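Here are my notes on this one, written as numbered points. Have the picture open while you read, and try to find each piece as we get to it.

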Amino acid sequence: MLSRSASRELDRVLAAHALTLTEFQLMLTLRENGPARTLALAQGLRLAPGPTGRSLARLEERGIVHRPERWRFSTWVLEREGAVHLEVLEPFWHHVDQNLRSELGPAFA
């Protein structure tokens, strides 16, 4: 219940940019950690590999991520388009984060 409440506002912001929370997490992970394979991304985010792969495929269709090599176990890379999306979303993300921390109290600040 807390998770749903915490992600509700972020979900609304991301929906306005046609992104899901999973897609946003994948983009952040690729930005922070660099290129990665689907399985490593899924494990790092504690997600199932199948849906993770489908999310990456949707992002690839939009030009947000790409695979330099077209084989099943190739690595995914964040495109410049994806980095721009994250730059636009960063103020919203920080706003949601601050609101959540203030609602949860000093133990989470």
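1. Let's start with the parts list: the protein has five helices and three strands. Here helices (H or I, at least four residues) and strands (E, at least two) are DSSP runs, numbered from the N terminus. The C-alpha trace spans about 45 × 25 × 20 Å along its principal axes.

2. A word on what you are looking at: this is a predicted model, where local features need pLDDT of at least 70, side-chain atom pairs count only at pLDDT 80 or more, and totals for chains, interfaces and linings use all residues. Residues are numbered from 1 along each chain as its sequence is written, and side-chain values use heavy atoms, with hydrogens and water left out.

3. How much of the protein is buried? Of its 109 residues, 31% are. Buried means under 20% relative accessible area, exposed means over 50%, and partly exposed is in between (1.4 Å probe, protein chains only). As for contacts (heavy atoms within 4.5 Å), take those between residues at least 6 apart in sequence: 50% of them join residues at least 24 apart.

4. Now the core. A nonpolar core is a set of buried Ala, Val, Leu, Ile, Met, Phe, Trp, Tyr and Cys residues joined through side-chain atoms within 4.5 Å. The largest one here has 20 residues, and Leu30, Val65 and Leu78 have the most contacts inside it. At least two residues of this core come from each of α1 (2-16), α2, α4, β3 (75-78) and α5. Look at Leu30: setting aside neighbours within four places in sequence, Leu30 touches Pro35, Ala36, Leu41, Leu56, Val65, Trp76, Val77 and Leu78.

5. Next, follow α2 to its helix partners. The axes of α2 (residues 21-33) and α5 (residues 80-104) come within 11 Å and cross at roughly 110°, which makes α2 roughly perpendicular to α5. Axes are lines fitted to C-alpha atoms, for helices over the stretch in contact, and angles run from 0 to 180 degrees between N-to-C directions. Angles of 65 to 115 degrees count as roughly perpendicular, under 35 as roughly parallel, over 145 as roughly antiparallel and the rest as oblique. On the α2 side, Phe24, Met27, Leu28 and Arg31 meet Gly82, His85, Leu86, Leu89, Glu90 and Trp93 of α5.

6. What about α4 (residues 49-61)? Its axis comes within 10 Å of the α2 axis, and the two cross at roughly 80°, so α2 and α4 are roughly perpendicular too. Thr22, Glu23, Leu26, Met27 and Leu30 of α2 make this contact with Thr52, Ser55, Leu56, Arg58 and Leu59 of α4.

7. Leu45 is worth a click. Leu45 sits in α3 (residues 38-45) and is partly exposed, with a relative accessible area of 21%. Not counting residues up to four places away in sequence, Leu45 touches Gln25, Leu26 and Thr29.

8. Ala18, in the loop between α1 and α2, has phi near 60°, a positive value in a residue other than glycine. Arg46, in the loop between α3 and α4, also has a positive phi, near 60°. Is Arg46 buried or exposed? Arg46 is exposed, with a relative accessible area of 79%.
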